[in-house]
Amino acid sequence: MDKLKKLEKYIQSESYEDLVGLGYDIIMWVDWREFDDSIVKYCEKCLNTQSLTAEMTKVEDGDGLAITYQDQTHHVPYPKTGIMDRDTTIVTLNKIIQPDFEIRFCKGSDGADTLAFLPLSQAEWTILSEQYGAEKLEKLFEKMNLES
């Protein structure tokens, strides 16, 4: 079944149960204890680009993360050297995969210890916006930035 068809039930109901029911091939579920390279793997599972990978690296004061997309490697700029955080990883990943794709935070998971993120192609976001309107999408899915 098509991703957008599966999303339809959640978008119409706005129910947390319908969000949870979407599955790991559509939604990235990120636990606060998650390893940062796993976040990239979850995104790749949803998008199936066959060109998105991550590798843990060593930096001056600890660990770092290198994300490769379409044969270009990017190092995640963590604010404190050697201290990884999921916020920076997700926001950086989102920048790396644009303009082809975009990750948005599923507001229905706010307050839970495992947060949901929806990565879709720009074409899919456009279709959803045309079908449900920008206001409805903004109510359910927050665009990512460092202040998110």
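User: Let's start with cysteine 46: which residues does it touch, not counting those up to four places away in sequence?

Analyst: Cysteine 46 touches Lys3, Tyr24, Asp25, Ile26, Ile27, Met28 and Pro119. Each of these counts as a contact because it has heavy atoms within 4.5 Å. Do keep in mind that we are looking at a predicted model. Cysteine 46 itself sits in helix α3.

User: Why is cysteine 46 called buried?

Analyst: Its relative accessible area is 4%, and buried means under 20%. Cysteine 46 therefore falls in the buried class.

User: What makes the link between the side chains of aspartate 36 and tyrosine 78 a polar contact?

Analyst: The contact between these side chains is 3.4 Å. A polar contact needs N or O atoms within 3.5 Å, one able to donate a hydrogen and the other to accept it, so this pair qualifies.

User: On to the rings. How many aromatic pairs does the structure hold?

Analyst: There are three. One of them joins tyrosine 10 and phenylalanine 141, at 6.0 Å centre to centre with 65° between the planes.

User: What makes the pair of tyrosine 10 and phenylalanine 141 edge-to-face?

Analyst: Two checks settle it. Ring centres must lie within 6.5 Å, and planes over 60 degrees apart count as edge-to-face. With 6.0 Å and 65°, tyrosine 10 and phenylalanine 141 therefore pass both. The pair links distant parts of the chain, 131 residues apart: tyrosine 10 is in helix α1 and phenylalanine 141 in strand β7. Both residues are buried.

User: And why is the pair of tryptophan 125 and phenylalanine 141 called edge-to-face?

Analyst: Here the centres are 5.6 Å apart and the planes stand at 70°. Those values meet the limits of 6.5 Å and 60 degrees, so the name is edge-to-face again. Ring pairs link Tyr10, Trp125 and Phe141 into a cluster.

User: What makes arginine 104 a charge over the ring of tryptophan 125?

Analyst: Arginine 104 lies over the face of tryptophan 125, at 3.9 Å from the ring centre. The distance limit is 6 Å, together with an angle within 35 degrees of the ring normal.

User: Why are β5 and β7 said to pair?

Analyst: Pairing needs at least two bridges, and β5 and β7 have three, in the antiparallel sense, so they count as paired. Phenylalanine 105 has glutamate 142 of β7 as its bridge partner. β5 also runs antiparallel to β6, joined by five bridges, with phenylalanine 101 opposite serine 121. As for burial, six of the six residues in β5 are buried.

User: Last one: which residues have the most contacts inside the largest nonpolar core?

Analyst: In this core of 25 residues they are Cys43, Leu52, Leu65, Ile67, Leu93, Ile97 and Phe117. Elements giving two or more residues to the core include α3, α4 and β5. A second, separate core has 18 residues, among them Ile27, Trp29, Ala116 and Leu137.

Definitions and conventions: Residues numbered from 1 in each chain as written. Predicted model: local features only at pLDDT ≥ 70, side-chain atom pairs only at ≥ 80, totals over all residues. Heavy atoms only, no water. Core = buried A, V, L, I, M, F, W, Y, C linked by side-chain atoms within 4.5 Å. Buried < 20%, exposed > 50% of the residue type's maximum accessible area, 1.4 Å probe, protein only. Helix = DSSP H or I, 4+ residues; strand = E, 2+ residues; numbered from the N terminus. Phe/Tyr/Trp six-rings, centres within 6.5 Å; stacked < 30°, edge-to-face > 60°.
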